[in-house]
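Welcome! Here is a short tour of the structure shown below, taken one topic at a time.

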Amino acid sequence: MTELYLVLSFFILLNLLAGIVRVLRGPTLQDRMLTAQLFGTTGVAILLVLAEAIGVAALRDVALVFALLGAVAVVAFIRGASSPDEDQPEPGSEPGSEPGRGP
Amino acid sequence: MSILDWATAALLIAGAFFFLAGTVGVLRFPDVYNRLHALTKADNLALGLTVLGLMLQAGSWTVVLKLLLVWLLVLLAGASGAQLIADSAVRAGIQLWERR
């Protein structure tokens, strides 16, 4: 059983490495972003299988952190990719927007 | 190997197959939106089958719940991340691929 786990985790690792081709070739920034998502999910799968194979239960917690970091990484990419004029104006920075001012 | 071990092996091999399908989709599909399709479908399904197979081998209920939690988090992250990436692609003006 342990051999099956190790072979499968190595196979999933090969899939992860194949995703690097998309990072290098992907013509747009969004292609590279989605490959980051692929890395996160395959990393989670490898960690979970290894946790079962070698019996280190802490790897499941590491997989949990990977899943959360994957979500945060995509949001950070999007924020970095969006142009500044799409941001919402700061509340209170527009003249006359403060509450309590009578006509 | 017991019947539980055979079931785990079958589920894990199916999950690995879907990881391969997802990677092939990301590498071979013609534009960003198609690649997002391949990525999220295969990732949810592949990780789901892998987690299901590992749940059968778990020693206690806390491990089962932790595995389930990891899968749900990856589902949520994948779904919202795919929507954000697609929105960013539309804003950047990336056209849908047409069959020529």
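Which residues line the largest cavity?

## The largest cavity

The lining is made up of A:A36, A:Q37, A:G40, A:T41, A:F66, A:A67, A:G70, A:A71, B:V74 and B:A77. A cavity here is a set of points, on a 1 Å grid over the protein atoms alone, where a 1.4 Å probe fits but cannot get out, and lining residues have an atom within 4 Å of a point. About 60 Å³ of space lies in this largest cavity.

## How to read the model

This is a predicted model, in which local features need pLDDT of at least 70 and side-chain atom pairs count only at pLDDT 80 or more, while totals for chains, interfaces and linings use all residues. Residues are numbered from 1 along each chain as its sequence is written, chains are lettered from A and ligands numbered from 1 in the order in which they are written, and side-chain values use heavy atoms, leaving out hydrogens and water.

## The second largest cavity

About 40 Å³ of space lies in the second largest cavity. Its lining consists of A:Q37, A:T41, B:L39, B:T40, B:D43, B:N44, B:V74 and B:G78.

## A look at two residues

A:V44 is among the residues that touch the most other members of the largest nonpolar core, which has 30 residues. Such a core is a set of buried (under 20% relative accessible area, 1.4 Å probe, protein chains only) Ala, Val, Leu, Ile, Met, Phe, Trp, Tyr and Cys residues joined through side-chain atoms within 4.5 Å.

A:E52 is also buried, with a relative accessible area of 19%. Leaving aside neighbours within four places in sequence, A:E52 is in contact (heavy atoms within 4.5 Å) with A:Y5, A:R60, B:L54 and B:Q57.

How values were computed. Buried means under 20% relative accessible area, exposed over 50%, partly exposed in between (1.4 Å probe, protein chains only). On a 1 Å grid over the protein atoms alone, a cavity is a set of points where a 1.4 Å probe fits but cannot get out, and a pocket is an open set with protein on both sides within 12 Å along at least five of seven lines; lining residues have an atom within 4 Å of a point. Grid points are joined across faces, edges and corners, and a volume is the space filled by probe spheres set on the points.
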